[in-house]
Each structure stands twice: as structure tokens, then as C-alpha cells.
Amino acid sequence: MDTKIIHEGLVTIKTPEFDKISSKAPVFYNPVMELNRDISVIAIKTYKEELEHEINICDAFGGSGIRGVRYAKEIENVSRVVVTDINPLAIQFANENIEINDLNNVKTCKEDANILLRKCKGKFDIVDIDPFGTPSYYMESAGISLKAGGMICATATDTSGLCGTYKDPCVRKYGAMPLKTEYCHELGVRILAGFIARTFSKYKKCIEILFSHSTEHYMRIYARVKKGAKITDESLKKDIGYVLHCENCLNRTVVQGITPKTSSICPVCGKNFKTVGPLWCSSILDQQFIETMLKNMENTKINQEKKASKLLNVTYQEANGPATFYDLHQICKKMKTSSPRLDAVLELIKEEGYFVSRTHFKPTGIKTDAPVDKLKEIISRLKTCDPV
């Protein structure tokens, strides 16, 4: 079998040579996910600073072992990393990569992820679920294996369902109704987060999201896990809810609660709302955590530094914004006018006293608490001032 050598972060990895990224590859390695792994190293480093003890990490979908090997090599005070994969060839490569990087704190296990996680009840400080597809099949087992005060890291690559292109798979896998709209990627992250929260609640565990992002073909969430029936019940009432979206005028509103009692009629234009959820309606970005991630990135060797820096800086700006965002081009399309400069729109919104920022979800996105009618008014004002 032909192999190739990969240099990523501080590690050197050997993987099989193959032409196409696929779950059918002899051993799974995805070069496109390097940024994902870079951000993961920084996020876990940042989280580790909150703890006063060594940590145990589970990389539940090991593949070549690159993620688990990087965690063991690049993060201080890691007692043990367990790398598991059901593929015996993957375990063979993972063991070789552990040896190449001279590590003695990584253990491999040829086991189904669900079985291993359930065997290790309450054993892990960090569980990383990074499958090819949906993480939904493994979330209950992850909740069981995590300690209170631990962190769940979860990736979803089935974005077509989460974004509403295919509704039935999203309902089946996440128990939520999606919507294909201009901010569908944010809705997808919130549906994933809401699913994790509702799944963990069975075990009197709740989550606090520290960082999340939607990049290229995947969505990723990092969340602190807390335990207790009372705080879990409170979280379900406060953090879970629905987004009501009007396709006619682009108004939207967020409603808290598993079973919200509200009108399905848009108060702005009188048309029917589309309902999205249940989903996570509270913050999906912790600004202080992101600030520390940015500091930690300065001392972390990564190949994707420019992309990571751009992502972290934009998410830092939008962290205190409300749920959902507006797309400038979509609003202008509804108004049947051309788009003014985005910077000019942002400046005027800020002058009006509203929160406003860009968003990493979309280059033309506007994260603001200003109502849609105010945005239309600002756009009209700018268009009136345009030179003929």
C-alpha cells in the first residue's frame, strides 16, 4: 500500500495514499479538516486552563490517529488520549503514528464508538465526536461518558439536512424542523446544539456553548457540560426554543421554550411564519473564551494560522449579537434595489444605537438587533444619497 507523510501542527503522520476523500478510504484522513483540528487544539488548550488537573480525552473516530496524536503532543497535562476506530487498519496506522511521534500517553482501541463510550461512563474530560456524517447516533453515549465539568466537541458534515435542503433527515436525526433560508447555516448550528442539549438532559446534564462555527462543508460545536436536575430543567426552558421566520418581509423572532405559545402570524406584514426548531436559542459564542483562544493561538504552531485568526476575530465581534442575522443582498432583493456598501450599512446601524457586526456565517451577513424595517429604512437612505 502506498503511503504519504503529513506534517500538521507539531506532529508527523503517515497515512495511506488515496485519490478521493471518502468514508470508503482504507484509513480515513481528511486534509480539508486541518483547520478544524487546529481550532480544536486551541479550544481544548483554552478549556484546559480552567481545570486544575490532568485530563483524559477520547477521540471517538480515530482514523489515522492524527487528531488524538495532536491532542497528546500539543496540549499540556493530558494524562491519556484514547483513540478508537472499528477499522483494524486504522488502528494499525494510529499505533504507528503514536510511535513516530514518540508518545506514551495515547492508547488505541479497536471498538465501536458507542460501545467504548458506554463502557467508559464518566471517565472522560473531553469527548470529540468527529464522524463522517451525523454525530447524532453517538451523542447519547458521549453524554454518558463525560464527566461533569467536561467538554463535548462535535462535528456534523450532514449540512444538507441541518440547513433544510432535505428536511426529513433533519427531523429523523435531530428531531427538529430546519429551514432553507439565508441564515440556514446558523440555524443548522443551533439545531445541532439543541439536539445535544436535549439528549444530555436525559442524564441531568446541560451544556454551555463556548465556541461554534460553520465552515465549508461542516458545523462544529464546543460546549461545557454541567450536571444537576435543576439547572438542566432551567436550561431547557431558557436555552431551547424556536425561530419564527417570515419569508415575505424577512422578519424573524426567537421564542423560548419546548412548547412555545405564540401567534404564527408575522406582526410586520400579516403573513404566516415558518417555524424552525426546536433549537438552541441562547448564545453560541462565548466572547471571553474566544479572546483567550486568540491569545493561545499566538503560542500554537498551526499551518492554517491566517484562516484560524480570521475565523476567531470575526466570531469575537459577533459573539454578543442576537440569534440569526440578515443578508444584505436578500433584503435588497426584496426591496428590488441594488445593494449599498456593507460597511456603510454597518456604520449607520451602529450610529442608530443598535448592536451590529459582521458574521462568519456569510460575507454579506449583518448580525444586529435592529428590526428588519429599520434595516430597510437605512438601505433606502443610503440609496437616496447615492450619486446619480
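**Exercise 1. Work out how strand β8 sits in the structure and what it pairs with.**

Step 1. Ten of the eleven residues of β8 are buried, so this strand is largely enclosed by the rest of the structure. Here buried means under 20% relative accessible area, exposed means over 50%, and partly exposed lies in between, with a 1.4 Å probe and protein chains only. Strands (E, at least two residues) and helices (H or I, at least four) are DSSP runs, numbered from the N terminus.

Before going on, note that this is a predicted model, in which local features need pLDDT of at least 70 and side-chain atom pairs count only at pLDDT 80 or more, while totals for chains, interfaces and linings use all residues. Residues are numbered from 1 along each chain as its sequence is written, and side-chain values use heavy atoms, with hydrogens and water left out.

Step 2. The partner of β8 is strand β9 (residues 218–227), which runs antiparallel to β8 and is joined to it by ten bridges; two strands pair if DSSP finds at least two bridges between them. Within this pairing, Phe 211 stands opposite Tyr 222 in β9.

Step 3. The two strands form a hairpin with two residues between them, and Glu 216 in the turn has a positive phi of about 50°.

**Exercise 2. Decide how the buried and exposed residues are arranged around helix α10.**

Step 1. In α10 (residues 287–297) the buried residues are Phe 289, Ile 290, Met 293, Leu 294, Asn 296 and Met 297. Because they cover an arc of only 165° around the axis, they lie on the same side of α10; the arc is that of the directions from the helix axis to the C-beta atoms.

Step 2. The exposed residues Gln 288 and Lys 295 are carried by the face of α10 turned away from its buried side.

**Exercise 3. Characterise the second largest pocket by its volume, its lining and the elements that supply the lining.**

Step 1. This pocket holds about 460 Å³ of space, and of the 15 residues that line it, the closest to its centre are Ser 214, Lys 310, Leu 311, His 360 and Phe 361. On a 1 Å grid over the protein atoms alone, a pocket is an open set of points with protein on both sides within 12 Å along at least five of seven lines, and lining residues have an atom within 4 Å of a point. Grid points are joined across faces, edges and corners, and a volume is the space filled by probe spheres set on the points.

Step 2. At least two lining residues come from each of β8, α11 (305–318), β14 and β15, and α11 gives the most, with four residues.

Terms used: 1 Å grid on protein atoms, 1.4 Å probe; cavity = no way out; pocket = protein on both sides within 12 Å on 5 of 7 lines; lining within 4 Å.
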